[in-house]
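Subject: Structure for your review

Dear colleague,

Please find below the structure that I am handing over to you. I would be grateful if you could read the notes that follow alongside it.

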Amino acid sequence: MRIIPKRFKYNSLFSKMFLITILIIVTVSILITWTTFRMSEKFFIDRFSFNNSKVMDQIKESLGTFHYSIVIASNSLMNNGTIKSFLTGEHSNKMLGSYYYNVKKQMDNIKTSVEAYDVGILVYGINGISYATERPSWVVSDEELQNHFITTNTLKQPKKLLYHLEQQRDQTQEDRVIVASKAFMEPTSKYIYGSMYFTIQEKEFRKFYSSYTSLGNNVLVMDQSGTILSSNRNEFIGNKETELLEYANQLEEQQKDYLDADFNGKDHLIMIEYLPTFDLYLVNLIDKKAAFANIIDKKSIVLIGILFIFLAIIIVYFASRRLTNSLSNLVKQIGNTPKNDFDHYIPVTGTYETRQIGQAFNSMLDELHEYVNKIVLIQKQKRNAELAALQQQINPHFLYNTLTSIKFMVQHGGKEEATDTVNALISLLQNTIGNISETITVREEIDNLKSYVLINQKRYGERIRVNYFIEPECFEVQIPKLILQPFIENSFFHGFNKKSGGTINVLVWKEGDSLICEVLDNGDGMEISADNKLPDTRRKQAMFSGIGVKNVDERIQLIYGEAYGVKISSKKGEGTKVRIAFPVQKN
């Protein structure tokens, strides 16, 4: 589990670059594929609609020819006096036979106008008499015809040639009939004396356009109410599709050739043209899914696209790996540099950019080494200078008072005491001023303390006693110079202001890898600040003006780290304990 994050850490640039590239490749491929589908579909739609517009023109031409023959036949019927007499007069049964004969001859002549089509002609007069050239296409009695909706609509619009769909009960879809009707009306008086009907089976009517249809490409003939009179799809015939009327209005308003719209829950291309001579709409419905499904092989295009994406990913992987490998190795080596104390130079290899970075990094290491060496030298010189300054900072008052005490001893005959005091002062000055070493042994530090205590006891008497408890194996351990003296001084001059005398105990022992020094007094005690380490202002002054408690603590932490230093505990009236910790060092 740790290997993966570590490898990712050094190859994050490659991983991000590779993932972003894959995302771009996939996105671009999807967009190109989608655009290809859309453009191809748009191209085929435009070509298809253009071709279908030509087809629509051919269908209109065929229907126009048919309609023209019906118009000629209707005009012939209108102008025929024999037929008019037959439909308006009252005929006896004896005379009816001869009338039928004459009407038949006239009707046979008129039928030649529509003999190219399987059309039947039926006439019906106001006298209730009818005649049909051929009844099988539309079976209807005279009584039914009189009250039929086709007759009613025809008489309402006597000037128009109207087309209707007729399907009687108990008839199959194959028996649907298209009926073109018109009223017999005198031009001048507008007198209506009957109606004429031209019948053609719907399956014959659809032959005008069925050759132009295909899978998904359907043709419908629709009247003004939205009723489908004829279609190559039987399920559409007889349905009332007002939705198509709305599309027809949109096409007319927008002056478009086609609409891309929904019809019966499917996406269609819809072309609608109004046929004014018929007063009908010619509708071309193109089911996009069915018509264009086999034109564009989307599956093959998608598979080829996936193959190209896969090949592109492989190429990008190896190219990106090669370009970023040198940079990843550079990052890894740079990351390991601190483990080698900045002494490990990185090899200058790879691309131009990585070589430049490597050279710059190696130059930076050289400058860093030079800078660190300078800092170390400066700090060492600074510490030596500070130590030399501290060693020279013996309190002038201490020297003045000590020399005055020696003079007093000599004048009063205390030559031995004066001699001991002078020797102690000489020893103290030798160890503080003459010895420039930063550290001394515990033994030397204790000797300095004894000299310092002796001088103070000669001056102020022996009301303060000092005891030393040193573990024998600690005598040769190295500690910083002038570490314990400030605390002895504090106890001498500030620890027994209220009490007439007392004891100071100095203890040194080993505790694990640490050397512990403690200075305990049973004097007045004091208040400790919040850090529990440094005393209040009454205890900050020591024999050497530059060597204070705070100075001791900072020196220890500067030399050995924050794990070591000074801790002070005290209670008023009970005394003070100072605890100092060092690492054990014998050299």
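The notes below begin with the whole chain and then turn to selected elements.

This is a predicted model, in which local features need pLDDT of at least 70 and side-chain atom pairs count only at pLDDT 80 or more, while totals for chains, interfaces and linings use all residues. Residues are numbered from 1 along each chain as its sequence is written, and side-chain values use heavy atoms, with hydrogens and water left out.

Overall composition

The protein has 16 helices and 17 strands (DSSP runs numbered from the N terminus: H or I of at least four residues for helices, E of at least two for strands). Of its 587 residues, 42% are buried (under 20% relative accessible area, with exposed being over 50% and partly exposed in between, using a 1.4 Å probe and protein chains only). Among contacts (heavy atoms within 4.5 Å) with a separation of 6 or more, 63% are between residues 24 or more positions apart.

Helices 14 and 15

Eight of the 10 residues of helix 15 (residues 485–494) are buried, including Phe-487, Ile-488 and Phe-492. This helix packs against helix 14 (residues 442–460) at an angle of about 20 degrees, with the axes 10 Å apart (axes are lines fitted to C-alpha atoms over the stretch in contact, and angles run from 0 to 180 degrees between N-to-C directions). Helix 14 and helix 15 are therefore roughly parallel to each other, a term used for angles under 35 degrees. The contact involves Glu-445, Leu-449, Tyr-452, Val-453, Asn-456, Gln-457 and Tyr-460 of helix 14, and Gln-485, Ile-488, Glu-489, Phe-492 and Phe-493 of helix 15.

Strand 12 (residues 464–470) runs parallel to strand 14 (residues 502–511), and seven bridges join them (two strands pair if DSSP finds at least two bridges between them). Here Arg-465 has Thr-503 of strand 14 as its bridge partner. Strand 14 also pairs with strand 15 (residues 514–521), in the antiparallel sense and over eight bridges; Val-508 is bridged to Cys-517 of strand 15. The hairpin of strand 14 and strand 15 has two residues between the strands, and Gly-512 takes a positive phi near 70 degrees there.

Asp-108

Asp-108 lies in helix 4 (residues 93–111) and is partly exposed, with a relative accessible area of 37%. Its C-alpha atom is separated by 7.7 Å from that of Thr-133, 25 residues apart along the chain.

Yours sincerely

Conventions. Angles under 35 degrees count as roughly parallel, over 145 as roughly antiparallel, 65 to 115 as roughly perpendicular and the rest as oblique.
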